[in-house]
Protein chains: 2
Amino acid sequence: MRLAELSERSGVSVATIKYYLREGLLTPGRQVNSTTAEYDEEHLRRLRLVRAMIQVGRVPVATVREVLGHVDDDSLGRAIRLGTAVWALPQVPEPDEEDEYVQAAHQEATTLLDRLGWENAKRLTAVSPAYRSLVVTVAAFRRLGYDWGAERLAPYAELMHRTAVLDLDNMETHPSQAEQIEFAVLGAILNEPVLQALHRLAQEEESTRRYGFE
Amino acid sequence: MRLAELSERSGVSVATIKYYLREGLLTPGRQVNSTTAEYDEEHLRRLRLVRAMIQVGRVPVATVREVLGHVDDDSLGRAIRLGTAVWALPQVPEPDEEDEYVQAAHQEATTLLDRLGWENAKRLTAVSPAYRSLVVTVAAFRRLGYDWGAERLAPYAELMHRTAVLDLDNMETHPSQAEQIEFAVLGAILNEPVLQALHRLAQEEESTRRYGFE
C-alpha cells in the first residue's frame, strides 16, 4: 500500500508517519520510484504499536526506539526479549534502601514469594522492576500505618498469576515470536487500564449483590 | 493523646495536622484547656486516611472533604456510601458519545455484562464511572486497530470478580461500617498499584517458567 493508504488504515496522519520514519521507529517502505514507497501489513502493525506506546502509554520517542530494538533482537531468548521490552517501559523510581519501611517491605515481599513458591521471580528480584514496584508500594502502605503483609497479599498474587497465565495464553495465539513480543509490549501499556476498569466494575457488582442498591 | 503524639504516631507534621484541622478534613480534638486538645485513635485512623488520599492518591483537598462527607453520612445505605465515596475519586473523562469507536465499545461492554450475568452492574451503567472507564479504554483499543471484544475480556472480568470478592471479604473484617467504608476508599487508592506490581511479577514468574531464563 502507499503512504496515503497506510495513513488512512492506521488513522495516523501522513506527517506523523513521516516523523516516525525519520526517527527510525518505522522501517522505510520498499522504494517503487524516486517519490513513492510501498508499505505492507507489517508496517501497519508496527505503526499501531508505536502509536499505542506514544499516545496511550506516553512513552518518550527514545524509549520507544529502545523497546523496539529489544522486540526486534532475535539473538536473545524469548523470556529475555519479553522482559527487556517490558522493562524498558516507564517504571517506578528506585526504593531508598536505607529507609526502615523499605527494609521491612523487602522482608514481606520475600516471605510472599516463598509462600507462593515463585522461585523464578525470587531469582530475579535484584533486576526486576516489578519486584521493585511491589517493595515501593508495600513500603508506602507501611509508612501510612497499614501493614499489609504476605498473608494478605498471597491470595491477590494467586489471582494475578491466573491473570498472567491468560496474558501468555493470549500472546501465544499470535503466530510469530516478533508478533508475540509486540503483543506483550502492547499488553503492558493497554491492559492495565482495562483490568482496573473491570476490577472497579466487579466491585460495584459484588457490593450491590451483598448490600443491595439502597 | 496530645497533638505532638498524634504527629509522632502518624508521621504527619504538627503544621500539616493543623492545616487539615482548619480545612475540616479532621474533626477537632476534645478541648482540655484553652491551648490543649486531646485526640484519640479515631483521629489517628482518619489522619492516615487523609494522608493516603493526599500523598499517595494525589486527591485534591476539596475532593477529600467531599469523600469524607460520604464516608460519614450514615443516612445512606452501605452500597451507596461505598459507591459515592469511591466515585468521588479522580475518574476518566466522559466518552464522546458521537464517536463511532465509543459506540462500538458500548455494544461490546453490554455484551460482556450479559455474558457475565452482571445484572447489577448493568443497571448502573448510566451512572457508573467504572463502566465509563471500561468504555473509554475499549474504544481506545479499537481506535488503535485492536478489537478486544467481550469474548476476550470475559475471563479477565471473572478474575477481577474474584479479586473484588477478596476486597469485600477483607473489608468486612473491620468492625464498624464507618471503618469498612474508610477501608474501601483506601483500597481504591492503594490497592491498584499493588495489584499492578503483583501482576507484572506474576508475568515474570510465568514467562520464565514457560521459556526459561535464556
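What does chain A average in pLDDT, and what share of the residues score at least 70? I looked this up before anything else. Chain A of this predicted model averages a pLDDT of 89, and 100% of the residues score at least 70. For the complex, I noted the predictor's ipTM of 0.88 and pTM of 0.87.

**Entry: the contact between the chains**

I turned to the contact next. Chain A puts 65 residues into it and chain B puts in 64 residues. I then asked which helices of chain A each supply at least two residues to the side that touches chain B. I found α3 (41–56), α5 (78–87), α7 (119–123), α8 (129–143), α9 (150–172) and α10 (177–211). Which of them gives the most? It is α10(A), with 21 residues. I also checked the make-up of this side of chain A. Its residues divide into 34 nonpolar, 17 polar and 14 charged.

**Entry: helix α3 of chain A**

I went back to α3(A), one of the helices on the side that touches chain B. I wanted its length. α3(A) has 16 residues, and its first C-alpha lies 22 Å from its last. That is close to the 22 Å expected at 1.5 Å a residue.

Which residues of α3(A) are buried? I listed A:H43, A:R46, A:L47, A:R48, A:L49, A:V50, A:R51, A:A52 and A:M53. I then looked for what the buried residues pack against. Their partners are α1 (3–10), α2 (14–22), α4 (61–72) and α10, in chain A.

**Entry: Arg58 in both chains**

Just after α3(A), I stopped at A:R58, which takes a positive phi of about 50°. Most residues other than glycine have a negative phi. A:R58 is not a glycine, yet its phi is positive. Where is A:R58 found? I placed A:R58 in the loop between α3 and α4 of chain A. Is A:R58 buried or exposed? A:R58 is exposed, because 9 other C-beta atoms lie within 10 Å and the cut-off for exposed is 12 or fewer.

I then checked chain B. B:R58 has a positive phi of about 50° although it is not a glycine. Its place is in the loop between α3 (41–56) and α4 (61–72) of chain B. B:R58 counts as exposed, with 9 C-beta neighbours inside 10 Å.

Definitions and conventions
Residues are numbered from 1 along each chain as its sequence is written. Chains are lettered from A and ligands numbered from 1 in the order in which they are written. This is a predicted model: local features need pLDDT of at least 70, side-chain atom pairs count only at pLDDT 80 or more; totals for chains, interfaces and linings use all residues. Two residues are in contact if their C-beta atoms, placed from the backbone, lie within 7 Å. Helices (H or I, at least four residues) and strands (E, at least two) are DSSP runs, numbered from the N terminus. Ala, Val, Leu, Ile, Met, Phe, Trp, Tyr, Cys and Pro count as nonpolar, Asp, Glu, Lys and Arg as charged, and the others, Gly among them, as polar. The expected span of a helix is 1.5 Å times one less than its number of residues. A residue is buried if 20 or more other C-beta atoms lie within 10 Å of its own, exposed if 12 or fewer, and partly exposed in between; C-beta atoms are placed from the backbone. pLDDT is the predictor's confidence in each residue, from 0 to 100.
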